[in-house]
Amino acid sequence: MMCSKRDDSVEPMLRGLDRGYAVISAEYRKSGEARYPAMVYDAKAVIRWVRANAEKYNFDTDRIAVWGPSSGGWLSSYVAVTNDNPAFEDLSMGNAEYSGRVHACVDWCGPCAGFLAMDEAFQKSGKGIADHNGPMSPESLFLGAPITKVPELVRLASPIAHVSADTVPFLIIHGGGDAVVPTEQSVAFYEALKEAGADARLHIAEGKPHHGDPWYHETWVSDMCLDFLDEVFGRA
């Protein structure tokens, strides 16, 4: 619903510059402008742009990772689990001759295991307000209908529904005290990735809240993410 590519959440990711990574902070349409899956089209158009401009900017297109927090974690995860799926690309947005494939994903507290499971998790844990099923919730606005009325659309919009043994390596980080996106979302997503045979790692930071300053800005968090990418990309 909100925020932009200039949000302060990009600050930890910019530390990748110190390790020789190119960092591209991309904009995408929000729910006030478009509905799912428009933002997936946007993200994959950015990846095609990266490949189309690789020579100009000296990008290594064999080692592309996506990384985002919260809704950006959902989007990064969705892009990663739908690699090479033409249903989730709008090639009319440009650079149709290039691939939208990525090679790794860092998911920070994304709601990746199904929007309909969020209220149930909070009702059990008491860590957050169970208000995701409402007709004006961010998730309902995102899909264009109350999520309780469109369960099949909710399933399709869930990264967990698209995991396979071919899914790229994932690092998932979530605060154990998150009152916005239940920690159970990341646990279930991680378990599905592992069951499918994918390379997945999960870190739950006990008692920590939803993403943002200060804890996601602590250097150990970005170091964990960049160490993961170094390992996956053979730079460790």
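These notebook entries record what I looked up in the predicted model shown above.

**Conventions.** I worked from a predicted model in which local features need pLDDT of at least 70 and side-chain atom pairs count only at pLDDT 80 or more, while totals for chains, interfaces and linings use all residues. I number residues from 1 along each chain as its sequence is written, and side-chain values use heavy atoms, with hydrogens and water left out.

**Sheet.** I first looked up the strand order. Four strands form an open sheet, E1-E2-E3-E4, with parallel pairing. Strands (E, at least two residues) and helices (H or I, at least four) are DSSP runs numbered from the N terminus, and two strands pair if DSSP finds at least two bridges between them. Strand E1 (65-69) and strand E4 (200-205) stand at the edges with a single partner strand each, so one side of each lacks a neighbour in the sheet. Neighbouring strands are turned by 10° against each other on average, direction ignored; axes are lines fitted to C-alpha atoms, for helices over the stretch in contact, and angles run from 0 to 180 degrees between N-to-C directions.

**Strand E3.** I next followed E3 (residues 170-175). Six bridges join E3 to E4, and four join E2 to E3. Phe170 stands opposite Ala200 in E4, and Ile173 has His203 in E4 as its bridge partner. Six of the six residues of E3 are buried, that is, under 20% relative accessible area, with exposed over 50% and partly exposed in between (1.4 Å probe, protein chains only). Phe170, Ile172 and His174 point one way from E3, and Leu171, Ile173 and Gly175 point the other way.

**Helix H4.** I then turned to helix H4 (residues 71-81), which lies across E1, strand E2 (104-108) and E3 and runs at about 155° to E1.

**Cores.** I define a nonpolar core as a set of buried Ala, Val, Leu, Ile, Met, Phe, Trp, Tyr and Cys residues joined through side-chain atoms within 4.5 Å. The largest has 40 residues, and Trp74 and Phe170 have the most contacts inside it. Helix H2 (38-52), H4, helix H6 (138-143), E3 and helix H8 (183-196) each supply at least two of its residues. I also recorded a second, separate core of 19 residues, which includes Tyr21, Ala104, Val221 and Leu229.

Conventions. Contact = heavy atoms within 4.5 Å.
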